[in-house]
Amino acid sequence: MTDSGITADTVAADVEAIALAVPGVRVLYPVGTTGHLASTGARLLGQDEPTRVRSGSGGVEIAIGVDGSHAAPAVVRAVGAAVAPLLGPGAEVRVTVVRIER
Amino acid sequence: MTDERDALRREGIGLEPEDLDGQSMERLSEYLDAGRTPPDPAIDNSPGCQIALDALERLRGLTPRLFADDVAAEPAVDEGWMAGLMGLIALDARAGRRIPISSEFGDLGITEGAVRGEIRAAEAAVPGALIGRTRLHGDVTVPGASVRVALDVSAPYGVPIDDTVGRLRAEVWRRLRDHTELTIEGIDITVHDIHLLPSPEEER
Amino acid sequence: MTREHEPSALADADDRTLAGRAADGDTAAFAIIVRRYTPMMRAYARKILPGGADVDDVVQEAFITAWQKLPSLDDPARVKSWLMRITSRKAVDRIRARRESDDIDAVDPAAPEVATPARVAEARSSLEALRAALAELPEDQRQCWTLREIGGYTYEEIAEQLDLPVSTVRGMLARARKTLIVRMEQWR
């Protein structure tokens, strides 16, 4: 799905939408500055719009809040499975649950 | 200052070396701060010194009240100032270590911070209980590693403590089982405090 | 991480519970600590800072540092005295920074802002006489006195904080106490 005609922003928007559509995902949080994927230069602090989908080297990283009534491991696996097809082969999706919402 | 010194002398209080059998106020002041140890007979046997030390003790005795009055005179927290402060700290997630979750697709995990929040939420199992600090002991970043959980509790007065601890332990275990793949070796609960619940009138 | 549900019981929780939760990231618990101890830290900072200026900033800086360092506080029950230590450090840092930028020797015996001003003649008690006398002490003597009597610092700690020899600290404390005794006993 990713080719030269589709920008990183488009992929990011798709990833965000797909992730939010997974049952049990309540919200996407800003991605922290520590992460092993290379940042595209965005920094969390000092930015007006915090990064919710960080992308670089063909992979993406997101941080999610999961509804407490859903088991977090199942939800985060579902997110991984939903997002992976959007990316090229060999690209990595990194999803971290940062909060269990009540 | 000399008039005041004379006035003091008329009260029987002298703070100069000639009143203190050769000791200085510096020496007495330090002696007071050291709790009068090690004992110094030259000071302890001098009436002039004892009078001066009494005055120093009176001064010291007023300080807590003075400070308490000052604290009471300060206004309550300014909401604008508060919002500024809370905004500055809100960026710090205190995520802690990343706890892996097994998967075929990608690199998945849950933060220690999320797990701690979930452990705290277990206090709902015992109305009135408050969970304080929580700790995960063990290398949580290694899949399948075994972990000991420790938490502080302030228990509600009126509920048998064993009851409180048992229910909390079961609830914490259930939540960790639901939201993580950690192998829990044990859950250590420390009840460090017991508190009264507010009465229904106070709740309003 | 973000604000959590605030049970009403939390507002009256003990220090160890609140500091433990705040160290773990509970901002609601931290907010309660802020409300609980701000007046105390302001009153303390006000006695250290000349003229009482910058009290708001100093206390805010103290809480930001407290938030950052809370996870390293071994005994959360001691959060109150720990906050006092941070406050005096920040107040002294502020004085040093101001002195360096102003480039003038701050030999300032002027009276700072006092919460309830009272002249000795009008003092209704030895407490008021003491408060007035304290306000009129030379700034450096008042700082030594405050760090010792309210902060509980040792002479060595005061010397290190204010960048003075211990002998100077000893001398300032004695001079301050002499002045205060004279004013206080006068009232009796």
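I am working with a predicted model, in which local features need pLDDT of at least 70 and side-chain atom pairs count only at pLDDT 80 or more, while totals for chains, interfaces and linings use all residues. Residues are numbered from 1 along each chain as its sequence is written, and chains are lettered from A in the order in which they are written.

**Helix pair.** I looked up α2(C), residues 27-48, and α3(C), residues 55-69, and found that they pack at about 135° with axes 10 Å apart (helices are DSSP runs of H or I, at least four residues; axes are lines fitted to C-alpha atoms over the stretch in contact, and angles run from 0 to 180 degrees between N-to-C directions). That angle makes α2(C) oblique to α3(C) (under 35 degrees is roughly parallel, over 145 roughly antiparallel, 65 to 115 roughly perpendicular, and the rest oblique). Among the residues that meet, I noted F30(C), V34(C) and M41(C) from α2(C), and V58(C), F63(C) and W67(C) from α3(C). The residues of this contact divide into 10 nonpolar, 1 polar and 2 charged (Ala, Val, Leu, Ile, Met, Phe, Trp, Tyr, Cys and Pro count as nonpolar, Asp, Glu, Lys and Arg as charged, and the others, Gly among them, as polar).

**Domains.** I have chain C divided into domain 1 (1-106) and domain 2 (108-188), with 10 residues of domain 1 and 12 residues of domain 2 in their contact (C-beta atoms, placed from the backbone, within 7 Å).

**Towards chain B.** I find 50 residues of chain C in contact with 49 residues of chain B, and α8(C) gives the most to the chain C side, with 12 residues.

Definitions and conventions: Helices (H or I, at least four residues) and strands (E, at least two) are DSSP runs, numbered from the N terminus. Two residues are in contact if their C-beta atoms, placed from the backbone, lie within 7 Å. Domain bounds come from an automatic or database domain assignment.
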